[in-house]
Amino acid sequence: MEKDLSSYRKSYEKHELLLKDVPENPMELFQKWFLEVDQFFPEDETNAMTLATIGIDGYPKSRVVLLKKYTYEGFIFYTNYESEKGKAIAKNPNVCLSFFWHGAERQIIIKGTVEKIAENLSDGYFESRPRGSQLGAIVSHQSEVIENRTILEDKLKALEQELEGKDIPRPKFWGGFIVKPIELEFWQGRANRLHDRVRYRLQPDYNWEINRLSP
Ligand SMILES: Cc1cc2nc3c(=O)[nH]c(=O)nc-3n(C[C@H](O)[C@H](O)[C@H](O)COP(=O)(O)O)c2cc1C
């Protein structure tokens, strides 16, 4: 099988990113871009981001997770702490997040270190989830091999009956992580492949160094 993709070509011409316009704090630029994409290109699933970890087998692995909150401190997502990514993070908390918002021709790449959020915050978010998602989180031993789908569905049904009318407690193996950034790169597609790239790097005095990078 073979398919030549050399004629696939797109020119990026919608926006620009100039050093004179960027704020001192990268989270403010993140917020500006996030809100713009969310408003004008909602089909981009704005809060879907790729999380890359260094696996315990030494290989990097990336997968999509949903950003559920951001603050000046960092980016929060929820998952199973015992999943492949959970185990990778326990061994090496250095991770990379990336967003590709194709409607706006933008990419953001974030390096950082990740840690579990406080238990009460995970409890609060778990409580806010629909019942079906709560039960799903309990029955799925994420990333483990299972014989077939029926096993999962049977476990879900049994648990639904067992917990009918009762509150569903958050399982200890499920909760939030926060990625605290040390570097953020904002990429804005431009014409003739002369894209804009602005990189922020956290300095020892907690200020951000800002540089333009060659595309
Ligand atoms: C759009 C989208 C959103 C997802 N959101 C999450 C999420 O928020 N948390 C999560 O654990 N997995 C999420 N997943 C599934 C992950 O990509 C992945 O399959 C799962 O977390 C297991 O990854 P691991 O085996 O590398 O740990 C999402 C997948 C997609 C495509």
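Helices (H or I, at least four residues) and strands (E, at least two) are DSSP runs, numbered from the N terminus. On this basis the chain holds 5 helices and 9 strands, and its elements follow the order α-β-β-β-β-α-β-β-α-α-α-β-β-β from the N terminus on. The model is a predicted one, in which local features need pLDDT of at least 70 and side-chain atom pairs count only at pLDDT 80 or more, while totals for chains, interfaces and linings use all residues. Residues are numbered from 1 along each chain as its sequence is written, and side-chain values use heavy atoms, with hydrogens and water left out.

The C-alpha atoms fill a box of roughly 60 × 55 × 40 Å along the principal axes. Of the 215 residues in the chain, 38% are buried (under 20% relative accessible area, with exposed meaning over 50% and partly exposed in between; 1.4 Å probe, protein chains only). Contact means heavy atoms within 4.5 Å. Among contacts between residues at least 6 apart in sequence, 65% join residues at least 24 apart.

The ligand is surrounded by a shell of residues (each with a heavy atom within 4 Å of the ligand) that includes Lys 61, Tyr 78, Glu 84 and Ser 143. Strand β2 (60-66), strand β4 (75-80) and helix α2 (84-91) each supply at least two residues of this shell, and β2 gives the most, with 5 residues. Polar contacts are pairs of N or O atoms within 3.5 Å; within protein, one atom must be able to donate a hydrogen and the other to accept it, and residues adjacent in sequence count only if both atoms are side-chain atoms. An N or O atom in the side chain of Arg 63 lies 2.8 Å from an oxygen atom of the ligand. A polar backbone atom of Leu 66 is 3.1 Å from a ligand oxygen atom, and a polar side-chain atom of Gln 142 is 3.1 Å from an oxygen atom of the ligand. The protein covers 66% of the 620 Å² of accessible area that the ligand has on its own (Shrake-Rupley method, 1.4 Å probe; for residues, only the protein chains shown count as cover).

Thr 46 is located in the loop between α1 (26-40) and β1 (48-54). Thr 46 counts as buried because its relative accessibility is 3%. Beyond neighbours within four places in sequence, Thr 46 has contacts that include Phe 34 and Trp 101.

Phe 186 belongs to strand β7 (residues 174-188). With a relative accessible area of 0%, Phe 186 is buried. Leaving aside neighbours within four places in sequence, its contacts include Leu 17, Trp 33 and Tyr 200.
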